[in-house]
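Let's walk through this model together, starting with its aromatic rings and ending with a pair of helices.

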Amino acid sequence: MSIQAEKIRKNFEILKNKIIYFENACMSLKPRQVVEKINEYYNKYPACAGRSSHRLGKKLEHEIISARKKIANFLNAKKPNEIIFTRNTTESINLVANSFGLKKGDAVLISDKEHNSNLVPWLMLKNKAGIKLKIFEFGNLNHFEKQLTNEVRLVSVVHTSNLDGTTQNVMEMARIAHKKGAKILVDAAQSAPHKEINVRKLDADFVALSGHKMLGPSGIGILYGKMPELEKLSPFITGGDTVKNTTYTSAEMEDIPARFEAGLQDYAGIVGLGAAVDYLKKIGLKNIEKHEIKLNKIITDGLKDYVEIIGPENPEERGGIFSFNIKGIEPHEIALILDHSANIMIRSGMHCVHSWFNARKMKGSARASLYFYNTEQEAHRFVEEVKRIIKIL
C-alpha cells in the first residue's frame, strides 16, 4: 500500500496554509482526529482519574485504560501495566537514571551520537554519585562490545539518530549486554514514529519515547519497562496517586504503573496519544518508512552534488532525515531563507547533539526531516530552493 499524501493532508489544518513542513524530527503535526480527541476530554469528561466515583471520573479512567492498552499493543509490550506515562523521552530517561540505583564505580555505556537527553542525566550522575560514563562509536558493534566491560550496569542508547537518521542494531546490543549481565535502555523517540518497534523482539529492558514526535500532543511521553525491571526501580517523583495509604511516618506505594505516575496526569495528552497511535496504525509504519525513504531519495539525488550530507549518502540508511551543510553559508542562514522566501520549515543548529558536533569542530547543520504527509512535489521544491540559495550566495 502506498501513502496517499494528498488525501491524508486534509486531516492537518496547518497544511492548508501552503507551508512545507520539514521539521518533523523535532515536532510532528497533529491530525484532526487527535485534536478532536483532546477536545473531547475537555468538553465531555474533564475530571480526575482514580480519585472520583462519579460518571465523569469513571469515563476518564476507561479512556486512560484504553489508551494504555493501545500503546502497549503498538509497542508489542507483554501487558499494559508495562507502559508508564511521563512528559516526554527526557523524563522517561531521567526516571530510569534516578531510579535504577546506580552507585559509585558503576558504569553506564552510551554512543557518541546521543541527544542531550541521553547524555546530561548520566553526566549529572557522574558528578553527583561518582558513576563512570563510557562511550562507543555509534553503530560500531565491535567497539560497543569492547567498551562493555564488567563495570557497565546499564547500556543507554539511541535507536535512530535525530542528527542524521541512521539506525543502529539495538537488538544485537541487547543480546550482547544481557550476556554480560547489563540492562539496556533504548531511546526510541526518533524511531517509534517512523518504523515498527517491537519491544519484545528487541528484548530491551526499557524503551523511552515522546508523543509529540508521533502525531500526539506535546507534554506526553512513554517509558516502557519489562515488569521485573520496573519492580526493581525506586520511584523518582512521589506524591499524589503514587501511594495506597500513608501515615505521618510511612507510605505504602501503589502498584505499577501508578507508583511512577505522580500527581494529576496530562489526561488530554494521554487520550490524545491513544488517538495518535490509532492513526499511525491505520497508515501503517512500514508504509511510512517506505514513503520517507522515497522522498529522501528525491532530495538526495537532487542535492548530493551541491551540499555536504551529514551521514551516509544512501537515503535508505537515513530514513526521513536529510542533514546537510553548504560551504560558506551558516545553517541558520539556510533555514531563515527557506522560511522567508519559500515557506519551507527546516531545523538548523546542533539538534541537541552538541557533543558530536563539538568533537568535530562543526557549528551544526541544516536538517530537513520528513513524514508521511509530505509529498514528492514538496521534495522537488525543496531541492530547487536549496539550489537557488547556493546560486545566490
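Ring pairs join Phe12, Tyr279, Tyr371, Phe372 and Tyr373 into a cluster. Rings of Phe, Tyr and Trp (its six-membered ring) pair here if their centres lie within 6.5 Å, with planes under 30 degrees apart called stacked, over 60 edge-to-face and the rest tilted. This is a predicted model, where local features need pLDDT of at least 70 and side-chain atom pairs pLDDT 80 or more, while totals for chains, interfaces and linings use all residues. Numbering runs from 1 along each chain as its sequence is written, and side-chain values use heavy atoms, leaving out hydrogens and water.

By the ring rule there are 17 aromatic pairs. One of them is tilted, because the rings of Phe12 and Tyr373 have centres 4.7 Å apart and planes at 55 degrees. This pair links distant parts of the chain, 361 residues apart: Phe12 is in the loop between α1 (5-8) and β1 (20-21), and Tyr373 in the loop between β15 (365-369) and α14 (376-392). Helices (H or I, at least four residues) and strands (E, at least two) are DSSP runs numbered from the N terminus. Both Phe12 and Tyr373 are buried, meaning under 20% relative accessible area, with over 50% exposed and partly exposed in between (1.4 Å probe, protein chains only).

Now look at Phe136 and Phe144, an edge-to-face pair at 5.0 Å centre to centre with 75 degrees between the planes. Phe136 and Phe144 are buried too.

Finally, turn to the helices: α12 (residues 331-342) meets α14 through Ile334, Ile337, Leu338, Ser341 and Ala342 on the α12 side, and Arg381, Phe382, Glu385, Val386, Arg388 and Ile389 on the α14 side, where contact means heavy atoms within 4.5 Å.

Key
Axes fitted to C-alpha atoms, helices over the stretch in contact; angles between N-to-C directions.
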